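These are my notebook entries on a structure I looked through in sections. The sequence and the model come before the entries.

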Amino acid sequence: MDFNGSGGGNELHNNQFYPSEESKPLLGEMSAQQLPPPEGNNNHKAGPCSKRSLLHCSSGMRYKLLQEGDIQVCVVKHPRTFLSKLLTSKFLRRWEPHHLTLTDSSLMSATPTGYMEAPLSYSTIEDLQLLSWDNAPKYCVQLSFPGGTVLLQAANSYLRDQWFHSIQWKKKIYKYRKVLNNPSRWDVVLKEIRALVDMALTSPLQDESIHQAPLHIISTLLAENTNLSAQDHENIIVAIAPLLENNHPPPDLCEFFCKHCRERPRSMVVIEVFTPVVQRILKHNMDFGKCPRLRLFTQEYILALNELNAGMEVVKKFIHSMHGPTGQCPHPRVLPNLVAVCLAAIYSCYEEFINSRDNSPSLKEIRNGCQQQSERKPPMPLRLLRPEPPTPPQTTTLEILVELERNNNTTNTLRKAPAEGDSEPNLIDCLLVSPALNALSIQLPAHADRVLGCFALILKMLSDYDDWRPALASLLQPIPFPKESVFCFVFCNRELKYVIQRFAEDPRQEVHSCLLSVRSGKDGWFQLYSPGGVACDDDGELFASMVHILMGSCYKTKKFLLSLAENKLGPCMLLALRGNQTMVEILCLMLEYNIIENKDTQLQIISTLESTQVGLRMYEQLCDRQRELKELQRKGGPTRLTLPSKSTDADLARLLSSGSFGNLENLSLAFTNVTSACAEQLIKLPSLKQLNLWSTQFGDAGLRLLSEHLACLQVLNLCETPVTDAGLLSLSSMKSLCSLNMNSTKLTADTYEDLKVRT
């Protein structure tokens, strides 16, 4: 009698080939000039991606890999000649319940007694079959070993098949792990790797470990055999490529891929095999902090693309493929992951630079002495000079001059020394430690300069996508490299400046608001690119454009003007003296809102305004507005006023300019067409206590102005206005406000509770 089982997993289902979405060309059609010439003797019968596509079992049942479970066990010890008789005898009525665990090397019971007193090693299992003949026990799996048979009886056919495929998988993985642990001939090893990959792709089991286990076995093999040839590298990468299309490579395999990218960046494997892997990482990775080698592999892959003939053009096409052809990127994780890769690459160059023994010996001495001496901070910051580097073909280093401007009072200005346990002093600390040092020559290896240039240009590319710009501005707002800012601005300032310029030109508030610091006491891009800031190299042109966009948004407030008056009054006056209209407007607002209390400073601002035609004209307009304001605020006029429906901002301004409204306490603008722009007129009413803005277009920007200027306001009706949480929170500073109507607004429950606590 023949007992034919179902056979292995390769015989259970008819397999079909389905190309994965991730395996499609990702860099587009590259011209012949962009593709690298073939390296060495690549004897591939087909391209790495076209050789074998990802296999899927398209039909039949799918099972989860079992690690443990309850099952009935029967063990029969017999010579082979009596096998068929014993399997049909009544002796099989004796069954034992066991809780079996499938370990990496054996099948063992949680209660090692009876049949399963000793673990059953996978190496002793000679055959594995399903019992399916007449009169055989139901739902049984047969495990043959020397001198006997183990029968496992499940509760139903699905569980039986699940046990069968799980044990079969564990047995084969155990075999491949032993075979590949001590390789002798690499042609045999390559065949075994291909068989292992095929087994994983055709298995009916659905579990993360089904693809990860082969990858770990292969990564261990590669880690223990570092003397492989370049051709062996490529053959192995091609063999495991189908597994990588839906799985992240393990850490050891990432190191192997990094090495290949560094040593053979122009290999076709980089384009055809690594591209879908990196795309999947960027689309699906959630935290590079948990997988730093994935980030390093992505970084090396991008640098390898940059080594192709077309260089950054290929990188640009890759970035575009990650964004997609539409105006909105469908993958939310792509941008944060790309930014993380870029910033990590920039920071790694800084670490390489600061720890390099090839740098100037004086820098080493300064760094060593920085922890022992008191630091001296000059009143004027560092002046960073980046002359055009020499461009001979054999240049291996890039020399940068960092110059420190000092004056006679520098040595008298002391700064607190770093506390014990503080991190290593940064480049600024190193330069400030010695008052005798005026300039320092910094040499950067050519490789590091290419890395900085590549990833700084990627940040520049990212800023060109409108849908990515808000998130990019938010990610860069904290300035992820504060201590290394001098280093970064020296070597990447042109690209970073372009990014900040894009933020400053974007009319969306969520973008240009990120130019400001993320919290008080911490410099933001606005401070770093202001005149005297460490990154300013254009006499304040970018600073002026940033002020212009911020003033045009909702930052025309006392708080913003006060911060400029305290920290940047000198640069503002200098730019106004040079005829910058935005800075002239800033100085006029400082005078109009009484930001400057010192009389001498006020006179100096007036002199600055009168020194240019545009300043003189705007100062005269300011004087006219002040005279009108005094007339408007003169005691007299009505105490209550209601504007007709459909009135506009211009109608309100015309009305208030027609006489005195110093006694006006109650103003109703309900059901009019006024907007936040009318706040400029409302803040001129010193006695206003009740304001009705029901069903108007008055928004957040207007609320911010009201909160700073109308300290006496007691009643405010914002029903059916477009105000949001951002504007409503500013009302918490109005201590006199006792009645606030926010019905039918975009107020959230959290903001409502916050307002209740603050007011």
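How many bridges join β15 to strand β16, and do the two run parallel or antiparallel? I worked on a predicted model, and I found three bridges between β15 and β16 (residues 666-668), with the strands running parallel.

**Entry: the sheet**

I then placed this pair in its sheet. β15 and β16 belong to an open sheet of five strands, ordered β15-β16-β17-β18-β19 and paired in parallel. I noted β15 (640-642) and β19 (739-741) at the edges; each has a single partner strand, so one side of each lacks a neighbour in the sheet. From one strand to the next, I recorded an average twist of 5 degrees. At residue level, I looked up Thr642 and found Ser668 of β16 opposite.

**Entry: cysteines**

I searched for disulfides and recorded zero in the structure. For Cys261, the nearest cysteine sulfur belongs to Cys258 and lies 6.5 Å away, whereas a disulfide requires the two sulfur atoms to be within 2.5 Å. I also looked up accessibility. Cys261 counts as buried because its relative accessibility is 3%. Cys349 has a relative accessibility of 2% and therefore counts as buried.

**Entry: a surface patch**

Which residues make the nonpolar surface patch of about 250 Å²? I listed Met61, Tyr158 and Leu159. I traced Leu159 to helix α3, which covers residues 157-179.

Terms used
Residues are numbered from 1 along each chain as its sequence is written. This is a predicted model: local features need pLDDT of at least 70, side-chain atom pairs count only at pLDDT 80 or more; totals for chains, interfaces and linings use all residues. Side-chain values use heavy atoms; hydrogens and water are left out. Buried means under 20% relative accessible area, exposed over 50%, partly exposed in between (1.4 Å probe, protein chains only). Two strands pair if DSSP finds at least two bridges between them. Helices (H or I, at least four residues) and strands (E, at least two) are DSSP runs, numbered from the N terminus. Axes are lines fitted to C-alpha atoms, for helices over the stretch in contact, and angles run from 0 to 180 degrees between N-to-C directions. Patches are made of residues with over 30% relative accessible area and no salt bridge: like charges are joined within 9 Å, nonpolar side chains (Val, Leu, Ile, Met, Phe, Trp, Tyr) within 5 Å. Accessible areas come from the Shrake-Rupley method with a 1.4 Å probe; for residues, only the protein chains shown count as cover. A salt bridge is a side-chain nitrogen of Lys or Arg within 4 Å of a carboxyl oxygen of Asp or Glu.
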